[in-house]
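Please brief me on this structure. Cover helix packing and a few individual residues, in short points.

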Amino acid sequence: MSFDRQKHIAPQATAKEISEAVSVTEMDRRIVRKVLVELGYLPEPMATHVIKPAKRRTKIRSL
Amino acid sequence: VRATVPADQQSAFLNVPFDREYSPLFVTLIAVLTGLGRKPRCVLEIPAAGRDRLDRMFELLCGCGSSLHDLSRVSLSGPLQVPRFNMPFELGIAYCLGKQTDHRFFVMEERAYRLQASLSDLNGLDPHIHEGTQEGILACLLDCFGTLGRTPAVKELKSLTIRLSRIILRLQREQSRNDPFSPHLFRQSVEAATELARLDGLIAKG
């Protein structure tokens, strides 16, 4: 039993462990990331896909 | 009474008042504990309805290696103007746990010497006094918790608290709430604190 002035020492948990402990959902994560970006604490997510040029749909009629 | 689940030494159970005035102090608790690499846990994780609520609260407390009990709300409150017994009740459970296991519990109060009048059974044992301020809470937490790695500087923890406060205010506004005491806001608050602590290099990604 302890009710004293001695510190409680423990190794530090990782970010993943802390999130898992309180059952953070994917939706929670998305909401938080959005606010972090809006407040400038996280950089804007970069677009990762390559934009392909549109296919030419009109057929060129042969003369 | 027997502890039924093994305790996680990194989990710290928060037994604090859930009122609007306490919100900034609650935010500080989440920010600083996370910055120190602890997992803030509280009764908000347990659904309000259900017959086994008390058992689940007991299991949650048993699963935490430490607990913090803020006994600063000793006045009458609510529409019925009654004292709140939940916090001393949960402190009693933590005391019991501490007798049987290596669970560590810490008591906080807003004012010095008041606990001697409100809970004289604890006479001779000094609570941590936070004076109702965020800086006071920060100092209490640094007195109670240590890390095996580098302990973050006070400046770093203050900065984390300020940013987390802004984020939680934004989340409250978006979700039309006056306080952060709801299950999803608690999860989101911990997630935001975790992300900030990770960005600051206080904790590892995992």
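Gly206(B) is exposed, with a relative accessible area of 71% (exposed is over 50%, buried under 20%, partly exposed in between; 1.4 Å probe, protein chains only). This is a predicted model, where local features need pLDDT of at least 70, side-chain atom pairs count only at pLDDT 80 or more, and totals for chains, interfaces and linings use all residues. Residues are numbered from 1 along each chain as its sequence is written, chains are lettered from A and ligands numbered from 1 in the order in which they are written, and side-chain values use heavy atoms, with hydrogens and water left out.

**Gly206(B)**
- Gly206(B) sits in the segment after H7 of chain B.
- Not counting residues up to four places away in sequence, Gly206(B) touches Thr14(A) and Lys16(A) (contact means heavy atoms within 4.5 Å).

**Ser189(B)**
- Ser189(B) lies in helix H7 (residues 183-199) of chain B (helices are DSSP runs of H or I, at least four residues, numbered from the N terminus).
- Ser189(B) is buried, at a relative accessible area of 1%.
- Its side chain reaches the backbone oxygen of Leu185(B) at 2.5 Å.
- Leaving aside neighbours within four places in sequence, Ser189(B) is in contact with Ile30(B), Leu164(B) and Ile168(B).

**H1(B) with H7(B)**
- Helix H1 (residues 23-35) of chain B packs with H7(B) at an angle of about 45°, the axes 9 Å apart (axes are lines fitted to C-alpha atoms over the stretch in contact; angles run from 0 to 180 degrees between N-to-C directions).
- That makes H1(B) oblique to H7(B) (under 35 degrees is roughly parallel, over 145 roughly antiparallel, 65 to 115 roughly perpendicular, the rest oblique).
- H1(B) and H7(B) cross in a right-handed way (the near helix is turned clockwise from the far one by less than a right angle).
- From H1(B), Phe26(B), Ile30(B), Ala31(B), Thr34(B) and Gly35(B) meet H7(B) residues Phe186(B), Ser189(B), Val190(B), Ala193(B), Thr194(B) and Ala197(B).
- By class, the contact of H1(B) with H7(B) has 7 nonpolar, 4 polar and no charged residues.

**H2(B) with H3(B)**
- Helix H2 (residues 53-62) of chain B and helix H3 (residues 86-100) of chain B pack at about 50°, with axes 11 Å apart.
- H2(B) and H3(B) are therefore oblique to each other.
- The crossing of H2(B) past H3(B) is right-handed.
- Leu54(B), Met57(B), Phe58(B), Leu61(B) and Cys62(B) of H2(B) meet Phe89(B), Glu90(B), Ile93(B), Ala94(B) and Leu97(B) of H3(B).
- The residues of the contact of H2(B) with H3(B) divide into 9 nonpolar, no polar and 1 charged.

Technical notes: Helix = DSSP H or I, 4+ residues; strand = E, 2+ residues; numbered from the N terminus. Nonpolar A, V, L, I, M, F, W, Y, C, P; charged D, E, K, R; others polar. Polar contact = N/O pair within 3.5 Å; in protein donor to acceptor, adjacent residues only side chain to side chain.
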